[in-house]
Every structure is written in structure tokens, then in C-alpha cells.
Amino acid sequence: MKKENGYLKALQEKADYFQLQYEAAIAEISILIGDDDGTKRVKRESIIVKNIIAEHYSINAQLLANKTRRQEVMAARQMYCLLMYERRHTLAGIAKTINRTHATIINSKNRMIGFIEVEEASRKDYIYLSEKIKNALAL
């Protein structure tokens, strides 16, 4: 039974990996076809990061740009702001990807930094997501 669970888990991880690669490829194609205003890297990375974070928090990636204040969506949005900022995106660029202002991005990333310092679960999420995003964007 344990072998089956391990095999199924490995299969699910591979499926998730290929799904992310597929979505990244689609995003890249749409960016290359679309406008060229210097935001291609932000758009491509934001799509990948949104999908990874949404999958981790078990929400729809489109909810990150909605006005909802549900706790799980807020935590995911704050994590998104912090991780995108750490990838050296501008506040305005991040804000544009989730329909917010630069001030909201500052507040969100600072709140998440506070949570990471205090909560073990947030710290583990941050470490896991940072690694997963780094690996996904390295390909």
C-alpha cells in the first residue's frame, strides 16, 4: 500500500510539474503575440507564481486579483506580493498583475514578513513556495 501511495504521489507531482510548464508555455506564447511594453518578464513570472501559490493554498489563481477578503485568499495574495518583490519586480508591476496599488503591495509584503517571523506554518509555506518557484522559473 505504501508503494502505491508513493507511486501515486510521484505521478501527481509529475502531472503538476507538466501542468505548470504547459501554463508557462501558453503564457509565453500569449505574451509574445501580445503587446511589447517591457512587461513580458513580469507577466510570464506572475502567471507562473500565481499558479504555484494558488495550487498551494487550494484556491483559483484568478482570486488573487479579486477584491475578496477571505483569509486564505488574503494569505495567498500577501505571499504572492512578497515572493514577486523578492524576485526584483517593481511595486507598480506587481500591483498591476493583481489590480492593486503599490501601497497595497508594500502593506501585503510587510504583513507576510511579520507572519513569517512569528508563525511556523507561514515560514514553512514561504520556504516551500520560494523553492518551488525558483525551480519552476529556472527551467
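Mentor: Please do, and let us begin with a term: a crossing is right-handed if the near helix is turned clockwise from the far one by less than a right angle, and left-handed if anticlockwise. Please note also that the model is predicted.

Trainee: In which hand does α3 pass α6?
Mentor: The helices concerned are α3, residues 71–86, and α6, residues 120–138. Their axes lie 11 Å apart. By the definition of handedness, the crossing of α3 with α6 is right-handed.

Trainee: How are α3 and α6 oriented to each other?
Mentor: They pack at an angle of about 45 degrees. Angles under 35 degrees count as roughly parallel and 65 to 115 as roughly perpendicular. The orientation of α3 and α6 is therefore oblique.

Trainee: How many nonpolar residues does the contact of α3 with α6 have?
Mentor: From α3, Met-79, Leu-82, Leu-83 and Glu-86 take part, and among their partners in α6 are Tyr-126, Leu-129 and Ile-133. By class, the contact has two polar residues, two charged ones and, as the number requested, six nonpolar.

Trainee: Is Gln-78 buried or exposed?
Mentor: Gln-78 belongs to α3 and contacts Ser-108, Arg-111, Met-112 and Phe-115, neighbours within four places in sequence being left aside. Its relative accessibility is 7%. Because buried means under 20%, Gln-78 is buried.

Trainee: What is the phi of Ser-58?
Mentor: Ser-58 is found in the loop between α2 and α3, and with a relative accessible area of 66% it is exposed. Although Ser-58 is not a glycine, its phi is positive, at about 55 degrees.

Note on methods
Residues are numbered from 1 along each chain as its sequence is written. This is a predicted model: local features need pLDDT of at least 70, side-chain atom pairs count only at pLDDT 80 or more; totals for chains, interfaces and linings use all residues. Side-chain values use heavy atoms; hydrogens and water are left out. Helices (H or I, at least four residues) and strands (E, at least two) are DSSP runs, numbered from the N terminus. Buried means under 20% relative accessible area, exposed over 50%, partly exposed in between (1.4 Å probe, protein chains only). Contact means heavy atoms within 4.5 Å. Axes are lines fitted to C-alpha atoms, for helices over the stretch in contact, and angles run from 0 to 180 degrees between N-to-C directions. Angles under 35 degrees count as roughly parallel, over 145 as roughly antiparallel, 65 to 115 as roughly perpendicular and the rest as oblique. Ala, Val, Leu, Ile, Met, Phe, Trp, Tyr, Cys and Pro count as nonpolar, Asp, Glu, Lys and Arg as charged, and the others, Gly among them, as polar.
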